[in-house]
Amino acid sequence: MNVYRRLVYPYLVWMGIFIVIPMLLIVLYAFTAKSSNQVVSLRFTLENFQRFMDPVFLSILVKSLRLALVTTLLCLLIGYPLAYGITRRSEKAQAILILLVTLPMWINMLVRTYAWISLISDKGIINNLMSYFGLPAIQMMYTDGAVIMVMVYNFLPFMIIAIYTVLSKLDQSLVQASYDLGANRFQTFLRVIFPLSLSGVISGITMVFLPAVSTFVIPQLIGGGNYSMIGTFIEKQFINMGDWNFGSAISIVIAVIIMLSMQIANYFDKDPEDMQLKGRNL
Amino acid sequence: MIGSGKQKWLGSLGLIFMMLFFYLPIITLIFFSFNSSKSLSHFTGFSTQWYVALLRDNNALAAIRTTIVIAFISTIISTIVGTLTAIGLSKSSPVLKRVVSSINQLPILNPDIVTAVSLMILFSSIPMIQKGFGTMLLAHIAFSIPYVILTIMPKLRQLDANLTDAAMDLGATPLQALLRVILPQIAPAIISASLIAFTMSFDDFVISYFVTGNGVSNISILVYTMSKRTNPTINALSTLIVGGITVLLVIVNIVPLIKGNKENKKEKRMIQS
C-alpha cells in the first residue's frame, strides 16, 4: 500500500552482504578446522574453542576483563563526583565545563593515546622531572598501570557525560523534599540522588567497559608488542599468525561476553520513565 | 548552590585536576610539535620544521587526503541510504522493523575488532576485490548506516503520518511529499546523523586497519605506524587535527550560547514590556 515501504529493500540487500554474511563467515571459520591446502575443506570442529581453554590463552581473557573492570571502576569513582560537581555550577559554567570534557572525545583516539607516550616513556617528561628532583626513574611504559591510566584517560569523558546527563535533569524538588523531611546530605545522596542517577551510571559503565575490554590501540601502543589483551590477541591471529579459524573463535567469545554484559546492564537499567515510554509504544 | 565553602573549594580542585589530566598530554603534544630537535621530552628551541616535514611527506599527505575523501563520501552515502531506509522502515510491518533493527544492532554492539575481522574475511573471500581505498570506503559506509538509522528513527516516530497523506491527497507525488513534507521535518535529525557518520569515519582506526591494503592508509593508520619510533611529524599532524576540531567545536557550541543569550534578553524585554 504505502509507496515508501520499497525504500527499505536496497538496504536489506546491503545489510545481508555487509552485516549478515560477514558474521556468518566468522561463525563458519570458528567452527571449522584450518585447511592446509588451497581448497577450502569444510571440517566442522570445536577445536578452536577447545584450544582457547588453554590456561595461557584464558589468562589473556581474564586479564582483559580485569583491566576493563578496574578501568570502569576508576572511571566511576572519579567521574561521578566530577559530574556531580559540574551540575553544582551556574548554567554558563556547566556549558563550558561540558565542552571541555567533550573536546578530547572528538580527538582521534590514536592521537590521544600517542600523546601519553612522550610523558611516560623511560626518558619521557615525567622521568625527566623525577631526575631533576633527584628521584629515581620509574618504568611506566609497558605496565598494567600505564595501560589502565590511558584507558581511564580515553574513556572517562563518556562516564562523566552519561552521569551528568541524568544528574542535570534530576528534579531538585525531590532533593529539597528529602532535606525537609530530615535527611542529612549523606542520606539524601544515598537514598535519593544516587538511585535516581542509576540509569546514567549504568550507561556510563557500559560505555566504558565495552570499548575497554576489546581495546586494541591502547595495549598495542602503551603495552608494547609483547603485551597481550584480547583485542591484540585477535589481531595477532589474523595479521601475524594467519590463523583465521582460531581468531574467529576468540572473536565470537568476546562478542558473546559483550552481548551478555549488555543484557545484564539492560536488566539493571529499569528506569521507571523508560518503562512507561516502552509501554506506550506497545 | 547548596554546599559549604569548603566543599565548593574541594569541587573546584577536583575539576582543576580533571582538566590537567585531560589537557596536559594534549598540550605537551602540541608543545613538542614546535621543538627544534627530534626529542619529545627536551625542548631545545622553537621551530616549525616538523610542519614543513609533514607537508613534504607524501605518505602523510596521501593519508590526510584519503581520510577526508572517505569521510565525505561515506557520510553522504550513509546519510542518504540510512535516511531513506529509516523512512521506509517507519511505514513497514513491525516484523520487518524488528528484524532490521536487531540486525543493525550487531555492528553497534559488537566490539570494533569483531566487525573489523568480519569485514576483512568478507573482502578476502571475494577474489575479484583488491583491498585498499574501495574496501575501506565500503566498510565505512557499512558501519555508519546503522548509526544513521538509529539517529533518525526516533524523529520519524514523532512525525504525524497524516501530513504525508494530506500532501498526497492534495496531489503531491510520493517524491514531492518526501522532499517537501517528510524531509524538512526530520532535517535536524539528518544533520546530527551525518555529523555522527562523519566523525566516526574520520576517527576510525580498527576497522580501516583491517580492511585496507596496497599501502592505502588513513590518518589513524598513519599515526599508528609512525608512532613506533619517535617522530615529531605526528605531533605536527596531531596539532593540526586538535586545532581544527577545537575551532569547530567552539564555533558550534559558543555561537548558540551567544545567540541564546540574545534571545533570552529579547524574551525578558518582551516580558517586561
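A salt bridge is a side-chain nitrogen of Lys or Arg within 4 Å of a carboxyl oxygen of Asp or Glu. Keep in mind that this is a predicted model, where local features need pLDDT of at least 70 and side-chain atom pairs count only at pLDDT 80 or more, while totals for chains, interfaces and linings use all residues. Residues are numbered from 1 along each chain as its sequence is written, chains are lettered from A in the order in which they are written, and side-chain values use heavy atoms, with hydrogens and water left out.

**Exercise 1.** Work out how many salt bridges the rule finds across the interface of chain B and chain A, and describe that interface.

*Solution.*
- Step 1: Across this interface, the rule finds zero salt bridges.
- Step 2: Now look at polar contacts (N or O atoms within 3.5 Å; within protein, one must be able to donate a hydrogen and the other to accept it, and residues adjacent in sequence count only if both atoms are side-chain atoms). Between chain B and chain A, 12 residue pairs make one, both residues being at pLDDT 80 or more.
- Step 3: Check which element of chain B gives the most to the side touching chain A: that's H1(B), with 16 residues.
- Step 4: Sort that side of chain B by class, and you get 57 nonpolar, 26 polar and three charged residues.

**Exercise 2.** Find how helix H5 (residues 109–120) of chain A and helix H1 (residues 5–32) of chain B pack.

*Solution.*
- Step 1: Their axes sit 8 Å apart, at an angle of about 75 degrees.
- Step 2: Angles of 65 to 115 degrees count as roughly perpendicular, and H5(A) and H1(B) are therefore roughly perpendicular to each other.
- Step 3: Pick out the residues in contact (heavy atoms within 4.5 Å). Among them are Tyr114(A) and Trp116(A) of H5(A), plus Phe21(B) and Leu29(B) of H1(B).

**Exercise 3.** Say which residue forms a salt bridge with Asp243(A).

*Solution.*
- Step 1: Arg51(A) is the partner, with the closest N and O atoms 2.9 Å apart.
- Step 2: Asp243(A) lies in the loop between H12 and H13 of chain A and Arg51(A) in H2, so the pair ties together parts 192 residues apart in sequence.

How values were computed:
Axes are lines fitted to C-alpha atoms, for helices over the stretch in contact, and angles run from 0 to 180 degrees between N-to-C directions. Helices (H or I, at least four residues) and strands (E, at least two) are DSSP runs, numbered from the N terminus. Angles under 35 degrees count as roughly parallel, over 145 as roughly antiparallel, 65 to 115 as roughly perpendicular and the rest as oblique. Ala, Val, Leu, Ile, Met, Phe, Trp, Tyr, Cys and Pro count as nonpolar, Asp, Glu, Lys and Arg as charged, and the others, Gly among them, as polar.
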